[in-house]
Every structure is written in C-alpha cells, then in structure tokens.
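Please look through the sequence and the 3D structure shown here before reading the report that follows.

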Amino acid sequence: MGPDFFSINGAELYDLLHGTEADIGNVLNFILPDWVPHPAALRLRRRRDRIGEIFQERLEEREAHPDQWENAQDYISYTLKDNATAHLNHLYAAHHTLLMFAAHTSTVASISWTILELLKDSKRMDFIRQELSHNEEMQSSHYLQACLKETGRLYSGISMLRLARQAISLPNTNVTVPQGSVVSISPYLTHRDPAIYPNADQWIPERWLKEPGLPKRLNSNGQLAYMPFGAGVHRCPGEKLAGIIASTVVGTVAQEYDITWGEGKADLTNLDFSKIGSPWLKGVSSVTISRKEV
C-alpha cells in the first residue's frame, strides 16, 4: 500500500486482517442476509468500518502534503495518479482489503506447500533452478508455474457455500436441489478425485506440462474440475496478484537460497481447514534456509 500505512497503522491493520480472517469463514455469513446481526457479522462490520477510517486518514494526510508523494512508487500512489482508478478512492479500503487477503492467507500457504513439496524431491528444485538460470522471468518458467498449479490442486481448501433460491434439477441426473437448501462445493475433494486426476493424492507438477491445456479442458463441457480460486462471478479477484507473489517468492528462494529439512517434521497429511483458502499444517514442520554464497 505505502510506507505511511505500514509505519502508522501496520500493526493495527495486521490485527484487523487476522480478525477478519477468523470470522469471514463463519457459515452464518453464507446462509444469512447481510442485515442479520449475528456476532461474526457485527465483528466484521466493525473491522470493515475501521479499515475504511484508516484509509480515509491516510488519504487525507497525503492530500495535505502532496509534495511528499509526488514521486512515490507505492500502489496507493499509482492508483491515485491513474485516470482509470483515481476517482474510485472511496473504494480503496475494500479493494486493498481483498488484496491483503490474496497476498496473505492462501498465497502464504501456497508458497509454503510448494517449498515443502520441492524439498521432498531435490531433482524438481534443481529443475526450477536450471530453468530460471536461462530465463529469470519467473512468470514464464513453465515448470515453476506447473508446480504452483499442482499445489493449487492438491492443497485447495476453499469452501464454497451457496443458498439455492429456487429448486434446481441437476442435468443428466435424478437429483433435484430443493429451494432453500445450502449447497457446498469442495474443491479439495474434487481435486483429489482419482476419476479426474490420475494419482490424485500425489503432488505431480508434470501433469500440467504433459497437457498444457489441462485447466481449460477440466473446466469445459459443463464440468468444473479445477478451481483453486473458485469460479464464475465469485472467482477470487486476487488470483493474478497471488500468482505473481507466489512465483516471485518460490522462484527467488530457489535461485538464491539453499533449503533443507530442519529438526522438526510434522505429519504433512494432518491438515487444518479452519482458514479461508488453503489448508494449513497442524503442528510445525521446520526447514533451514540459508543464502547461497556468491
């Protein structure tokens, strides 16, 4: 966002983010209207209002001292100068809250899972390093992108809950979803279905290289079988940002650091699904990271 946000409100924004993360997955938020004042909704509303106040305070301070921000390169300054977004500053608080979620909950877990999986097979880590030695553009590294796609498949813990506002008959079945039913879609189970993915319980990034058009095929002809960021109008708006961050971090770690298992190694199959986005590991699995000698 900008150095002023971090220096003045960084700690508070961090607490607001974590509090929002704790309450946003509450099932009542998915099945009750916004105006129902259940505890989780009230806490979310207070945090939303406070984030809005922080943005208003920082923007007013910038307007009062424009010379200090004339050459600033942070994202807030960019959006304030861009004609396409400058007039939308009343929406900045909501926009950046979404970006913080994209850059935090799911992305951090995706980066961690990818590194842990690469540690299991040093040849895969070496392959990323070799590819990046010829082309340092991490978004163009086919193998790195395949690794991130595979992590998105194997470790997608996002939950999708929708309320059926009318009875819906599922095509080619005898199933009818009654009006008023709460419908849950689990990407985690879909992504681990052996009928869709061979060796579904294994992390195999090569599957995305063998068939580059696999994501498109999996989500065509009326089926939806690959959805690490959701789908449709509710698809995660931070998907591209998350991809850039994950590619940059994993690629930089692979290029510039040596990574080995630490002393503690938890059961990597013992997962915590209480957070939004990706599952987290229950317990601690430590790694040792050291910068490579130049």
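## Helix 3

In this predicted model, the residues of helix 3 that count as buried are Ala40, Ala41, Leu44, Arg47, Ile51, Ile54, Phe55, Arg58, Leu59 and Arg62. An α-helix has 3.6 residues a turn, so residues three or four places apart point the same way. Helix 3 covers residues 39-64, which makes 26 residues, and the span from its first C-alpha to its last is 38 Å, close to the 38 Å expected at 1.5 Å a residue.

One of these buried residues, Arg62, is in contact with Ser77, which also touches Trp69 and Ala72 when residues up to four places away in sequence are not counted. Ser77 itself belongs to helix 4, and Ser77 counts as buried because its relative accessibility is 3%.

## The chain as a whole

The protein chain contains 11 helices and 8 strands, and its C-alpha trace spans about 65 × 60 × 40 Å along the principal axes. The chain has 294 residues, of which 37% count as buried. Where contacts join residues at least 6 apart in sequence, 63% of them are between residues at least 24 apart.

Asp82 is placed in the loop between helix 4 (75-81) and helix 5, and with a relative accessible area of 25% Asp82 is partly exposed.

## Two helices that cross

Two packed helices are described by the angle between their axes and the distance between the axes. For helix 6 (residues 122-134) and helix 11 (residues 239-256), the axes come within 9 Å and cross at roughly 95°, and the two helices are therefore roughly perpendicular to each other.

Which residues meet where helix 6 and helix 11 are in contact? From helix 6 come Met125, Ile128, Arg129 and Leu132, and these meet Gly251, Ala254 and Gln255 of helix 11. The residues of this contact divide into 4 nonpolar, 2 polar and 1 charged.

In soluble globular proteins, nonpolar side chains tend to be buried together. The largest nonpolar core of this model has 26 residues, and among these Leu118 and Ile128 touch the most other members. Helix 5 (92-120), helix 6, helix 7 (142-154) and helix 11 are the elements that give two or more residues to this core, with helix 5 giving the most, 7 residues.

Once its neighbours within four places in sequence are left aside, Leu118 is in contact with Arg124, Met125, Ile128, Cys147, Trp203 and Val250. Another core lies apart from the largest one and has 11 residues, including Phe5, Leu16, Leu59 and Ala93; of these, Leu59 is also listed among the buried residues of helix 3.

Is helix 7 largely enclosed or largely open? Because 11 of its 13 residues are buried, helix 7 is largely enclosed by the rest of the structure. The buried residues are Tyr143, Leu144, Gln145, Ala146, Cys147, Leu148, Glu150, Thr151, Gly152, Arg153 and Leu154, and the helix reaches 18 Å from its first C-alpha to its last, close to the 18 Å expected at 1.5 Å a residue.

Leu154 of helix 7 is one of the residues touched by Glu117, together with Tyr155 and Trp203, residues up to four places away in sequence not being counted. Glu117 lies in helix 5 and is buried, with a relative accessible area of 6%.

## Two asparagines in loops

Most residues other than glycine have a negative phi, and most peptide bonds are trans. Asn172, by contrast, has a phi near 65°, a positive value in a residue other than glycine. This asparagine is found in the loop between strand 2 (168-169) and strand 3 (176-177), and since its relative accessibility is 83%, Asn172 counts as exposed.

Asn199 likewise has a positive phi, about 50°, although it is not a glycine. Its place is in the loop between helix 8 (187-191) and helix 9 (206-210), where Asn199 is partly exposed, with a relative accessible area of 45%.

Notes
Residues are numbered from 1 along each chain as its sequence is written. This is a predicted model: local features need pLDDT of at least 70, side-chain atom pairs count only at pLDDT 80 or more; totals for chains, interfaces and linings use all residues. Side-chain values use heavy atoms; hydrogens and water are left out. Helices (H or I, at least four residues) and strands (E, at least two) are DSSP runs, numbered from the N terminus. The expected span of a helix is 1.5 Å times one less than its number of residues. Buried means under 20% relative accessible area, exposed over 50%, partly exposed in between (1.4 Å probe, protein chains only). Axes are lines fitted to C-alpha atoms, for helices over the stretch in contact, and angles run from 0 to 180 degrees between N-to-C directions. Angles under 35 degrees count as roughly parallel, over 145 as roughly antiparallel, 65 to 115 as roughly perpendicular and the rest as oblique. Contact means heavy atoms within 4.5 Å. Ala, Val, Leu, Ile, Met, Phe, Trp, Tyr, Cys and Pro count as nonpolar, Asp, Glu, Lys and Arg as charged, and the others, Gly among them, as polar. A nonpolar core is a set of buried Ala, Val, Leu, Ile, Met, Phe, Trp, Tyr and Cys residues joined through side-chain atoms within 4.5 Å.
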